[in-house]
Amino acid sequence: MAAAEFDRNGYDGTSLSRLSRSAGISIGALTFHFAAKGELASAVEDSGRAGTRRVVEGVTSRGGPALDTVSALVLALGGLIETDAAVRAAADPGARRRRTRLVRMLAPAGQGAHGAGRGTGAAGPGGRSVPRHPADGASAGSPSPSSWPTT
């Protein structure tokens, strides 16, 4: 709950009273566990860092060619950033608003901030679809940029 608030509103835009209301607890119960907003933000950051560490360790422990490992890591971290509010909040509490504005500016007309047809990814050379992250269909056999035809 706190991670989502920090992700949505940034550190400065998040208050303990708003957090307590959205969690359905009293401000006293919240401040019993976290005396100040900074303590709660640190706990969210710790959670985000731990989640990131788990993903990095999981991907890098598989071994294999360096390029495959780097590609898998980029896809896994992209998926984590997309789905985990604690990771986004830990990276930069104010980044979500900037990122959403940038995505909206870059998205083709008629597509929202996340694009139409989640999982289709971006089109590479030759119009091939590049998966956005492993849950969207990336695999060891997926086309890589080095296999795309050049014009």
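Visitor: Which residues of α1 and α4 meet?
Guide: From α1, they are Ala2, Ala3 and Phe6. From α4, they are Lys37, Leu40, Ala41 and Val44. Keep in mind that this is a predicted model.

Visitor: How do the residues of that contact of α1 with α4 divide?
Guide: Six are nonpolar, one is charged, and none is polar.

Visitor: At what angle do the axes of α1 and α4 cross?
Guide: Roughly 100 degrees, and the axes come within 10 Å. Helix α4 covers residues 37–60. Angles of 65 to 115 degrees count as roughly perpendicular, so α1 and α4 are roughly perpendicular to each other.

Visitor: Why give both an angle and a distance?
Guide: Because two packed helices are described by the angle between their axes and the distance between the axes.

Visitor: Is the crossing of α1 and α2 left-handed or right-handed?
Guide: Right-handed.

Visitor: And which residues make the contact?
Guide: On the α1 side, Ala2, Glu5, Phe6 and Asn9. On the α2 side, Arg18, Leu19 and Ser22. By type, that contact has three nonpolar, two polar and two charged residues.

Visitor: Switching to arginine 8. Where does that one belong?
Guide: Arginine 8 is in helix α1.

Visitor: Why does arginine 8 count as partly exposed?
Guide: Because its relative accessibility is 45%. Partly exposed lies between buried, under 20%, and exposed, over 50%.

Visitor: How far is arginine 8 from alanine 89?
Guide: In sequence, 81 residues. In space, 8.4 Å from C-alpha to C-alpha.

Visitor: Let's zoom out. How many helices and strands does the protein chain have?
Guide: Seven helices and two strands. Along the sequence the pattern is α-α-α-α-α-α-α-β-β.

Visitor: What share of the protein chain is buried?
Guide: Buried residues are 25% of the 151 residues.

Visitor: Last one. What share of the contacts join residues at least 24 apart?
Guide: 44%, among contacts in the protein chain between residues at least 6 apart in sequence.

Terms used:
Residues are numbered from 1 along each chain as its sequence is written. This is a predicted model: local features need pLDDT of at least 70, side-chain atom pairs count only at pLDDT 80 or more; totals for chains, interfaces and linings use all residues. Side-chain values use heavy atoms; hydrogens and water are left out. Helices (H or I, at least four residues) and strands (E, at least two) are DSSP runs, numbered from the N terminus. Buried means under 20% relative accessible area, exposed over 50%, partly exposed in between (1.4 Å probe, protein chains only). Contact means heavy atoms within 4.5 Å. A crossing is left-handed if the near helix is turned anticlockwise from the far one by less than a right angle, and right-handed if clockwise. Ala, Val, Leu, Ile, Met, Phe, Trp, Tyr, Cys and Pro count as nonpolar, Asp, Glu, Lys and Arg as charged, and the others, Gly among them, as polar. Axes are lines fitted to C-alpha atoms, for helices over the stretch in contact, and angles run from 0 to 180 degrees between N-to-C directions. Angles under 35 degrees count as roughly parallel, over 145 as roughly antiparallel, 65 to 115 as roughly perpendicular and the rest as oblique.
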